[in-house]
Amino acid sequence: MTSTPREITRRQMIQRVGLTALVAGPAVGLLSSCATSGGDSAAPSAAPSAAATSATNPFGVKTDAPLEVVIFKGGYSDEYATQSHEPLYKKEFPQAQIKHQGIQTISQTLTPRFASGDVPDVVNNSGTDMLDGGALIGAGQLLDLTPLFEAPSIDDPSKKVKDTIVPGTVESGFGGDPAKPYTLNYVYTAYGLWYDAKMFEKNGWTPPKTFEEFKTFAEAAKGKNIVPFAYAGKNASYYAYWMILISAAKIGGNEVLLNIDNLADNAWNADAVKQAATAWAEIGKYMDKSYEGLIHTEVQTQQNQGKIALYPSGSWLESEQAKDTPAGFEYAMSPTPSVSASDKMPYEAIRAAAAEGYVVPAKGKNPQGGLEYLRVMLSKEAAKAFTEKTKSLTVVVGATEGMTLSPGLTSVVAAQTAAGQNVVTYSLFETWYKELETELRKQTNALMFGRISADEFCANMQKAADKTKADSSINKQSRSV
Amino acid sequence: MRHGKLTPAALRKYGFVVSFLAVPVLLYVVFVVWQYIQAFQISFTNSRGISPNFDYVGFDNFTRLFDDEVFWAAVRHHVVLLLAMPLITIAIALFFSFLLNLGGGQRNGRMVGVPGSAFYKIVFFFPQVLAVAIVGVLFQAILRPDKAGVFNSALGAVGIGPVGWLITPSLALWTIIGVMVWQAVGFYVVLFSAGMASIPKDVFEAAALDGAGRITLFFRITIPLLWDTLQVGWVYLGIAAFDGFALVQVLSVDRGGPDNATTVLPLEIWRNAFTYSKYGVASAMGVALFFMTLTFAVLTLRVTRRERIEF
């Protein structure tokens, strides 16, 4: 070649090749750390980093071990962690560095980290993009929390942690087969129909106690140009399916929901589910079609503006809407109406459950610290701070002593008292079987906005449940309580 | 220079070329090609993406796709997108760029665009500057299904009831196609304008002297001489029709709804990977998508191949 502008000497050539090798060097290292590099060598073993245990340090946390906490920054924000829980941990272990991350896309952010073995020590697994709990348990990625619940409580070392929290909390975090507690559900959440007590007072309304009353009420509300009931189909159709499931449990008892969780044959074809779906589809007819295209905050704002009477949600609603709630708007919660006189549970029954999960990854660098962080969270001081920051109750018994509760929380406490032992159970399939849950969202919108009948709803859901059951790639789980 | 012999001259030539190409090719291999290879590998495993351990399961993930109605719904939507979106976009873009460059007729013996075309060119390009997520959020407000939506409040002013742009299953996909077209048109107006600018003006002038009207000019002169650019545009838009993730994710009811009416493969890949933790299935979908895109690109280039007109 004579067209090369300058002659390149052999030495220059070698220099250039050497430069290439230098660039290639780190790249090869990159390749070996990719998703399919295989082997479990990436997962550090938890045991060796433990220190000696003591009464105040029951898990043997190394005092200078750093702790990484990931909090779902949603309705509760993450100030309760940064301003209370983390400082409380730091008080116990002043030498420990705490790395905090408040995010919304839990799954997208943490999935690659689980794959590579570099995981945080505490994860608040929540929100619409939460990690698939069943898959994590199946892969041995989560720590069994039994030692936490058996450990002495911070407030009263003579008591075990499990005896200082609302009964049912430990079981609500069960997973795997055999079932063990892998998740600490921290927030005491009650579900029902939320309304503005002042608006009802002004119009002389009371929340409907039966579906017959619900229809009469709906007509009355329509007469006042108020939408009687609405939910956001675009991103919160699960608020509506909760109502259907609660009604199904009220009709047929908690077994109906246990059967659904256990993928029992024909669980969705049960009469109770059909009746509940029929009843709610009737109420759906009072909703404008446009609600299917709105998101939850848009619908909640409409309720704050006095355009919607009843809105299905949980006890986080009041705090979530705090900024948009006008003066004179007083949140209150009522149980879902009874479907028939032969319902197994009374009208007063509510779904109340420990919710908002916290997990400790099994292969983190400081799993003992993770357990200790959860133990700190379950102290009265931490629980009280949480309620103050988020206007939500925790599972810690007696943590609100001496506090003035907001109107919404006061009504939750009243509903809790009225319900007594009549508690509708939570649904675990929501986290166990995400495909089934996705299908339920679709079918709920189709039912509530009048595209399918209750019979089709049950048949479609049964088909999806059967598909999940037959899918060998999905880890099956079961529950008995 | 003969092939196969490593003469010092050849060494010098290739050494020079290699030294320039090594870094970009290496980056491309590490950050693009390698991921493709990994996706092929993962598609044959039961990987859940949350643990480095997995087993090979053969073609299980692919056979699973055959029974998956959501997968087929997504594939059907890509067919609709592929037929409609490029055609509509190119038609509108061609029409606009013709008006902007040649639509004004002759002035001082030269072909010019309609008055104000320099201004329009910039305006048409605006949507291209916006990130697709911003376009999504903008249209969320524009397409709101109640009377508060921009379109619906305008329609309400002339007495037409609110239209459920994104909540009516038969309308939702077309609404999203409309947004995709809106976003793409500007770029292709500019692309085709550049193509038209490179066509020698005397060709048009000669045709115009012979009495050709604007329509004849457009179909007999502009399109044949613009064929290469059109072909490129078609391939680009076709590949874009295999995406649609961001807009569907932001705009549609419950991500792909109502009733799967708007779902697309990238969204289902995302859902299988991040919601269901089925990385194997997600990768199998990705592999299917890879072959669909490749087939489309090859077919388009083959079918539309014409003799190039030199000018």
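I count a salt bridge when a side-chain nitrogen of Lys or Arg lies within 4 Å of a carboxyl oxygen of Asp or Glu. I worked on a predicted model, in which local features need pLDDT of at least 70, side-chain atom pairs count only at pLDDT 80 or more, and totals for chains, interfaces and linings use all residues. Residues are numbered from 1 along each chain as its sequence is written, chains are lettered from A and ligands numbered from 1 in the order in which they are written, and side-chain values use heavy atoms, with hydrogens and water left out.

**Entry 1. Salt bridges**

I looked up R375(A) and found a salt bridge to E372(A), with the closest N and O atoms 3.1 Å apart. Both residues sit in helix α14 (residues 367-377) of chain A, and because they are 3 residues apart, about one helical turn separates them. Helices here are DSSP runs of H or I with at least four residues, strands are runs of E with at least two, and both are numbered from the N terminus. R375(A) and E372(A) are both buried. I use buried for under 20% relative accessible area, exposed for over 50%, and partly exposed for in between (1.4 Å probe, protein chains only).

I then checked E150(A) and K160(A), whose side chains form a salt bridge at 2.9 Å, N to O. This pair links distant parts of the chain, 10 residues apart: E150(A) is in helix α5 (residues 146-150), and K160(A) is in the loop between α5 and α6 (169-172). E150(A) is partly exposed at 34% relative accessible area, and K160(A) is partly exposed at 36%.

Which residue of chain B does D471(A) bridge to? The partner is R64(B), with the closest N and O atoms 2.8 Å apart. The pair crosses between chains, from the segment after α19 (454-470) of chain A to helix α2 (residues 60-66) of chain B. D471(A) is buried at 10% relative accessibility, while R64(B) is partly exposed at 27%.

I also noted a network of salt bridges that links E68(A), K99(A), R113(A), D118(A) and K365(A). Over all chains the structure holds 28 salt bridges.

**Entry 2. Helix α8 of chain A**

I took helix α8(A), residues 211-223, next. Its 13 residues reach 18 Å from first C-alpha to last, close to the 18 Å expected at 1.5 Å a residue. The expected span is 1.5 Å times one less than the number of residues. F211(A), F214(A), F217(A), A218(A) and A221(A) are buried. Seen down the axis of α8(A), these buried residues fall within an arc of 110°, so they line one face of the helix. The arc is taken from the directions from the helix axis to the C-beta atoms.

On the other side of α8(A), I found E212(A), T216(A) and G223(A) exposed. The cover over the buried residues includes β6 (184-196), α7 (197-203), β7 (227-229), α9 (237-252), α11 (271-284) and β8 (308-314) of chain A. Just after α8(A), N225(A) has a positive phi of about 65°.

**Entry 3. Helix α16 of chain A**

I list its buried residues as G408(A), L409(A), S411(A), V412(A), A415(A) and A419(A). Down the axis of α16(A) they fall within an arc of 160°, so they line one face of the helix.

What do the buried residues of α16(A) pack against? They pack against β6, α13 (317-320), β9 (331-334), β10 (350-359), α15 (380-390) and β11 (393-394) of chain A. Just after α16(A), G420(A) takes a positive phi of about 55°.

**Entry 4. K463(A)**

I located K463(A) in helix α19 of chain A. K463(A) is exposed, with a relative accessible area of 56%. K463(A) and N266(A) are 197 residues apart in sequence, and their C-alpha atoms are 9.3 Å apart in space.

**Entry 5. Chain A as a whole**

I counted 19 helices and 12 strands in chain A. Of its 481 residues, 56% are buried. A contact means heavy atoms within 4.5 Å. Among contacts between residues at least 6 apart in sequence, 76% join residues at least 24 apart.
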